[in-house]
Structure formats: structure tokens, C-alpha cells
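Work through the exercises below with the sequence and the model in view. Try each task before reading its solution.

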Amino acid sequence: MVVSDRFESRVTSEVSEGGDALVIRVAGNFDFNMHREFQRAYRNVSPPPRTFLVDLSETDHLDSAALGMLLLLRDYCVEVGAEGAQPTVELMNANAHVSHILSVSNFDRIFSIR
Amino acid sequence: MPAFRVLIVESDTSEVTELRQLIQSWEYTGSGDCALPTTIHCAPAATVALASYHEYQPNLVIFGPTAAAGVSAAEIRQLRQSGGVEPVPILFVQDLDAMVSSQSPHTLCDDILTKPYSPPLVQLKLASIRRFCEFSRSLMAQRDRLRRHHADFLQEQANAREIFGNLGNESCLDDTPAIRYHLSPRAVLNGDLLAATYTPDGKLVLMLGDFAGHGLAAAVGAVPLTSIFYSMMPRGFSMSRVAREINRKLYDILPRQMFCCLVMLELDPRRNHLRILNAGMPSPCLKRSAGELHLLESRHLPFGVLSTDQIESAIVNVRVLPGDRLYLWSDGIHEARNGKGEHFGEARLIRLLRDNGNNRGQAFDQILVAVNAHAAEQHDDLSLVELDLSHSSLRKSGCPAADYTGNRKGGRVGDWSISLQLSQEELRAADPLPHVLSVLVQMPGAARFQEDLAIALGELFRNALEHGVLELDSSIKATDDGFVRYYDLMAERRGQLQDGWVRITLSCSEGDTGGELTLIVEDSGSGFPATREPSGVYAGRGLGLLQTVCDEVHYRPGCSRVEAVIRWSGAVAEGDIDEAGGNAMQKPPLPV
């Protein structure tokens with residue numbers, strides 16, 4: 001069972017050790033309320049990284065609005081790619097519940113998940 | 001910014017004059033750095049003040065020393081009530097020299113001005129009151145704006161509900177006891193939708209969808225979705241064709257972060273065949289009469305995410321057994337939370353369905369009760385559908401679409417013939433049915449055989465394609481696994497088809513006493529195998545079904561040509577049964 005409290009939800013981001021990836025970590029409930037923070041996390045990075053790593057290790061639940069946000073991130077990569085190298089999106093460390101949601105929606109077909 | 005209105009209540013005119021001068025000598029500068037005017041209105045007594053209150057609408061009321069001493073608590077209360085929600089401060093003037101003897105009820109007012117007046121102190125007080133009034137006025141303005149927006153919002157919701165209600169007008173959800181459903185208004189506004197109709201050949205098609213996104217914007221997508229569904233399905237387009245069209249349309253119109261999870265199913269009650277496409281919805285649950293449960297997992301991305309699709313390969317085929325029931329729901333049920341924040345979840349649902357044993361029809365109510373009990377404090381946001389897959393009402397009812405007025409039914413069909421041949425290119429994805437039917441629908445009188453023709457044509461075309469062109473052996477279908485493998489194999493061979501054709505010829509002749517429609521279907525295959533008669537491909541359900549709707553069916557081993565005849569009598573539409581002759585089976589009265 002999922003117990004979540006959206007007031008504890010937050011988005012943090014940091015550049016990975018190698019410097020070529022941006023790790024975006026969403027803690028708590030990944031839903032519509034996260035949308036501004038999530039967008040801010042990937043939009044204001046210059047130059048754009050080679051990879052956006054969405055770290056779901058602290059994500060308790062993910063709803064359809066969050067899936068929509070991932071689609072927006074994917075679209076943003078295409079947009080960035082028009083001017084140079086196209087970044088990729090990878091999802092990682094999803095717990096069983098979140099993995100299940102990703103596989104039910106078949107998002108594993110359009111995002112690489114590790 | 002309007003003037004600041006002060007109401008002075010005082011019977012002693014010299015007191016009034018003094019107060020008036022005091023207020024007028026003061027010039028207030030607002031936050032916008034401009035001098036703002038002050039107007040003054042006088043009333044000799046509280047009763048007069050009450051009478052003119054509404055007309056004048058003061059921002060501040062000052063009781064002079066005489067009036068303050070004489071006013072009653074009831075009058076002050078009435079004044080405050082006249083002010084409404086917006087607070088209007090009431091000041092009393094208190095003569096310090098007369099203080100000792102005064103019994104004036106100080107607690108009635110908000111503040112006092114002491115006499116003799118100290119102009120700087122009075123002005124300080126007035127300025128602070130004025131700032132306070134400005135603040136409360138802006139709050140009131142915001143409240144009014146919110147109220148208007150909220151009223152608009154409620155109106156929009158009401159409009160939306162009406163639109164969704166009307167979208168459902170075309171559905172056959174309420175026409176058959178085989179379908180039970182619950183779709184809460186909140187779920188609808190959150191983007192859930194349910195639609196069902198019949199295809200021309202009597203299959204039930206149903207879809208349950210859930211738009212991702214927030215509120216009304218999400219729900220708006222339901223309009224193109226249902227209109228595609230209700231316009232294409234009754235014309236006989238195949239489920240995969242309609243699904244493809246929906247995906248493409250949604251991809252074109254939806255913002256990138258929006259998409260639609262959808263389960264679409266096609267139930268052929270005559271052949272006990274269920275085809276189901278799950279694109280991102282929670283797994284529907286098939287409950288066999290023996291009690292075992294099968295979850296039909298999502299095998300496709302939600303619609304509107306990609307412009308391309310793999311619909312054919314994502315469709316699951318299920319052989320329906322007597323007593324099978326299918327349960328469908330949207331994630332509103334999974335995500336219903338109790339006071340502790342726990343989701344209701346799929347596990348509880350499955351447990352309910354399993355524990356329910358063989359109590360037919362009770363699972364539906366039990367699920368609703370359990371979810372509502374779980375999420376007692378939450379608004380009801382659930383969509384649940386129960387489909388009795390082998391219900392007898394599904395077999396009888398045909399397509400109720402066309403308007404069969406007596407005139408049309410008795411109308412002349414005429415003498416004509418049409419022929420069309422589909423080659424390998426077309427056979428990979430073709431739907432011959434809609435094209436043939438769209439020609440026939442123009443003809444007066446064609447309504448009388450439309451459903452029969454659709455069934456016969458569908459059956460013959462499928463046979464020609466599956467066994468003739470694709471060389472599939474229906475004995476594979478003998479087991480449940482084989483049933484699935486058969487359709488997977490068919491999708492695969494069809495996609496790679498390099499060579500083959502199917503020809504459909506329709507000819508109609510009509511005389512004074514009646515008419516007949518002859519349907520001939522041929523294919524490039526090797527024809528009916530002689531050896532397997534009578535247990536061959538046509539001895540099973542297919543032949544029975546053909547003989548139900550046609551008056552004659554002819555075919556020969558070693559030849560791919562099948563001829564089927566539908567007859568009717570000229571005088572009375574119902575009389576066509578007796579016309580059947582020779583080796584043809586009698587035709588049960590199908591409702592037309």
C-alpha cells in the first residue's frame with residue numbers, strides 16, 4: 001500500500017560526477033503539484049546535459065500527470081536536439097509500485113529504464 | 001478610487017460644524033500618492049442615520065458627543081448590520097470634561113475621539129481607519145472576483161456534464177442487462193469516459209478511457225474520441241482501424257503532456273470471441289465461471305503519446321465460455337485513499353473478485369461498497385464496468401442504428417451487381433465491410449438485409465482471408481493457448497502478406513413477389529479441403545452462423561468459391577422465412 005504526503009514531496013537536481021548528466025530526484029508523491037518544480041529542474045540548465053537521469057528512488061507514487069511531465073521532458077530533449085546534440089532521458093531506481101505504473105502504461109517502450 | 005464617506009451623527013449643530021472642519025482640514029494621501037477626497041454627510045440622530053445608511057453607504061460613522069450619549073445598543077447593532085460584511089468602524093466622540101457623569105456604552109463603538117480635539121491625533125486615527133478601509137475594500141473586491149470565477153466554473157462544469165451526458169446518448173449501455181456500469185460525475189469531469197455500441201454485424205464494442213491531465217481540459221478530449229467511436233463502429237470499421245484513427249487524432253490535437261489510457265473491446269457473441277486492446281489502463285479482470293481470474297494487462301502505450309502504433313500486436317484474443325464476466329475500471333479506484341493516505345489498490349480489488357466466489361453479479365456492488373467505505377472522506381471518483389460476456393441478450397440484439405421506417409423497409413432494392421477485389425496490399429489492413437455497407441445504405445429497402453449481409457460478409461471474408469489467403473488451420477484454435485496463438489499468427493502473416501486476393505461479388509434481383517441477394521466470396525487459396533468434410537472449417541460455428549442469416553449457402557471441396565443467398569418476399573417484410581427452399585436452413589426471426 002502506498003502512503004504518501006504531498007507536502008513532503010520535492011524535486012532536487014544536481015549535475016552527476018562525470019558532469020555530463022543531470023540527475024533529477026523526485027521525492028514523495030510525483031503528481032501534478034510537482035509540475036513547476038520539475039520543469040524548472042530541467043529547463044534552466046545551460047548547456048543542456050547529455051542525459052537527464054530521473055532518479056525515482058525516493059518516489060512513492062507516480063500518477064498520470066507525472067507521466068505527462070516525463071513526456072514534456074522527452075519533448076524538450078527533441079527541442080534542444082534541434083540546435084545540437086539531443087539529450088536522452090533515463091529513468092532509474094523506481095520502486096516496485098512505480099515500476100508497475102511505468103509498465104502498465106508501457107512507458108518502458110519510450111524511456112530507457114534502469 | 002471613490003471618495004471616503006464619513007457619516008456624522010449629531011444633533012448639536014456647533015458640534016457638527018467643529019467635526020466637519022476637523023475632517024475637512026485633513027488631506028489624505030493614498031498609496032497611489034494622490035490626494036483622495038473625503039465627503040461628509042450629517043444626520044441629527046441614529047434613526048435618521050439608519051434611514052439614509054443604504055443610500056449614502058459610509059466608510060466611517062462618527063457619533064458626536066450628544067448622539068453618543070443617547071444612542072442605544074439596538075441602534076448600533078442595526079447600523080452594523082446595515083454595513084453588511086464590509087466592516088464600517090463606528091467612533092464615539094467623548095467630551096473629557098463630561099466624562100465623569102457619562103454612562104455612554106463604550107463597548108458598542110470601535111474607538112473614541114476625545115474632546116477637546118487634538119487635530120494630529122484625530123488625523124492619525126482617521127488615516128489609519130482609512131488604510132484599513134482600503135484594505136478591506138480590496139479584500140472584498142477579490143472575494144467578489146473569486147465568487148464570479150467560481151460561479152463561471154460551476155456553470156462550465158454544468159455545461160460539460162450536459163455535453164458528456166449527450167455524448168452518451170448514442171451508447172447502447174442501457175439497452176442490455178449484460179452491461180452494468182457506474183461512472184461517477186466526478187470521474188467524468190476527471191476525464192473518464194465509457195462508450196458502447198454495436199457493429200453492423202452484431203458485435204458489441206465498448207471502450208473505457210481515462211484522460212491524463214487535470215480537470216476539464218482533460219475531459220474535453222472525450223469529444224473527438226467518442227465521435228470517432230460512434231461514427232466508425234456502426235459503419236463496420238474494424239476495432240484496430242478505429243483504434244488507430246483515435247490514436248492519430250489524439251496525437252494531433254492533445255498537448256504533449258496529455259494522453260488517454262483506453263481499453264477497447266469487441267465481443268462477438270455469436271462466435272464467443274472477445275478481442276481486447278488495453279492501452280495503459282489498469283488491467284481488466286476476466287472472471288471465469290469456475291472462479292479463476294485473468295488479468296488482461298496493458299500491452300500498448302496510452303493513446304496520443306506517439307503518432308505510430310502497434311495496435312494489431314497489442315490486441316488480445318479470448319475465447320468466451322459460458323458464465324464469463326469481465327470487470328473494467330479506471331485508476332480512480334486504485335487511487336481512492338482512506339484517512340491514512342493508503343490507496344485502495346489493485347490487490348484489494350482482486351481479493352474482492354476472488355472471494356466473491358460464484359455469486360454472480362454481486363461483485364459489482366461489493367466493489368462499489370468497499371471502495372466507498374475505504375475512501376469515506378473522499379469524493380466519489382470511480383468508473384466500474386461489469387460485462388456478462390455470454391449474456392443471451394447480446395446474441396439477439398442487432399444494430400439498432402438505421403431508421404427502419406415502414407417505407408424504407410418496403411422500398412424497392414432493384415436489380416444490380418457490384419464486385420470488388422482486394423489484393424495483398426489491401427488485405428494487410430483492409431476492412432471491406434464499411435465500403436460495401438456504405439454503398440448499400442444509400443439504397444431504399446436495403447435496411448431489411450443489412451445486418452444479415454454484414455454478418456454473412458464478415459464471416460465469408462474472414463474465412464477467405466484466414467483459411468484461404470493466410471492458410472491458417474482452425475484446428476489450432478482447439479485449446480485456449482492455441483486460440484491466442486492462432487490470432488497472433490494471423491496478425492503476423494497478414495502483416496507480411498506478399499501475394500493473394502479476395503473477390504467479393506454482390507448481386508441483387510427483385511421481382512413483384514420478392515427478391516434475392518447473392519453474395520459470392522472467392523479467394524486465391526486452394527479451396528475447401530475435401531478430406532476434412534464434414535468436420536472442416538465450415539462445419540463449425542461459421543456454417544451455423546451463416547445458415548442463421550442466409551437462406552442458402554453453397555460451397556464445394558477443392559474450390560474457394562462460397563455462395564450465400566438472402567431472400568425476402570415482396571409483400572410483407574416478415575414473410576421472407578417461408579421463401580427459403582432446398583437445402584437451406586430456416587431462418588429465425590432476427591429483429592431487424
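**Exercise 1: The nonpolar cores**

Task: find which residues touch the most other members of the largest nonpolar core.

Solution. Step 1: of the 99 residues in the largest nonpolar core, I24(A), L262(B), V263(B) and L277(B) touch the most other members. A nonpolar core is a set of buried Ala, Val, Leu, Ile, Met, Phe, Trp, Tyr and Cys residues joined through C-beta atoms within 7 Å. Buried means that 20 or more other C-beta atoms lie within 10 Å of the residue's own, with C-beta atoms placed from the backbone; 12 or fewer is exposed, and in between is partly exposed.

Step 1: strand β11 (residues 260–268) of chain B gives this core its largest share, 7 residues. Helices (H or I, at least four residues) and strands (E, at least two) are DSSP runs, numbered from the N terminus.

Step 2: leaving out residues up to four places away in sequence, V263(B) touches M207(B), L208(B), I276(B), L277(B), N278(B), M281(B), P284(B) and L328(B). Touching, or contact, means C-beta atoms, placed from the backbone, within 7 Å.

Step 3: a second, separate core has 36 residues, among them L437(B) and A454(B).

The model is predicted: local features need pLDDT of at least 70 and side-chain atom pairs count only at pLDDT 80 or more, while totals for chains, interfaces and linings use all residues. Residues are numbered from 1 along each chain as its sequence is written, and chains are lettered from A and ligands numbered from 1 in the order in which they are written.

**Exercise 2: A sheet with antiparallel pairing**

Task: give the strand order of the open sheet of chain B that has antiparallel pairing.

Solution. Step 1: the order of its 5 strands is β9-β10-β11-β12-β15. Two strands pair if DSSP finds at least two bridges between them.

Step 1: β9 (192–198) and β15 (315–319) of chain B are the edge strands, each pairing on one side only. From one strand to the next, the twist averages 15°.

Step 2: β11(B) and strand β12 (residues 273–279) of chain B run antiparallel and are joined by 7 bridges. L262(B) has A279(B) in β12(B) as its bridge partner.

Step 3: helix α8 (residues 222–232) of chain B lies across β9, β10 (204–211) and β11 of chain B, at about 10° to β9(B). Such angles run from 0 to 180 degrees between N-to-C directions, and axes are lines fitted to C-alpha atoms, for helices over the stretch in contact.

**Exercise 3: Two helices**

Task: decide how α2(B) and α4(B) are oriented to each other.

Solution. Step 1: the axes of helix α2 (residues 46–56) and helix α4 (residues 73–82) of chain B come within 10 Å and cross at roughly 10°. Step 2: angles under 35 degrees count as roughly parallel, over 145 as roughly antiparallel, 65 to 115 as roughly perpendicular and the rest as oblique. Step 3: α2(B) and α4(B) are therefore roughly parallel to each other. Step 4: the residues that meet include A46(B) and L50(B) in α2(B), and E75(B) and L79(B) in α4(B).

Key:
Contact = placed C-beta atoms within 7 Å.
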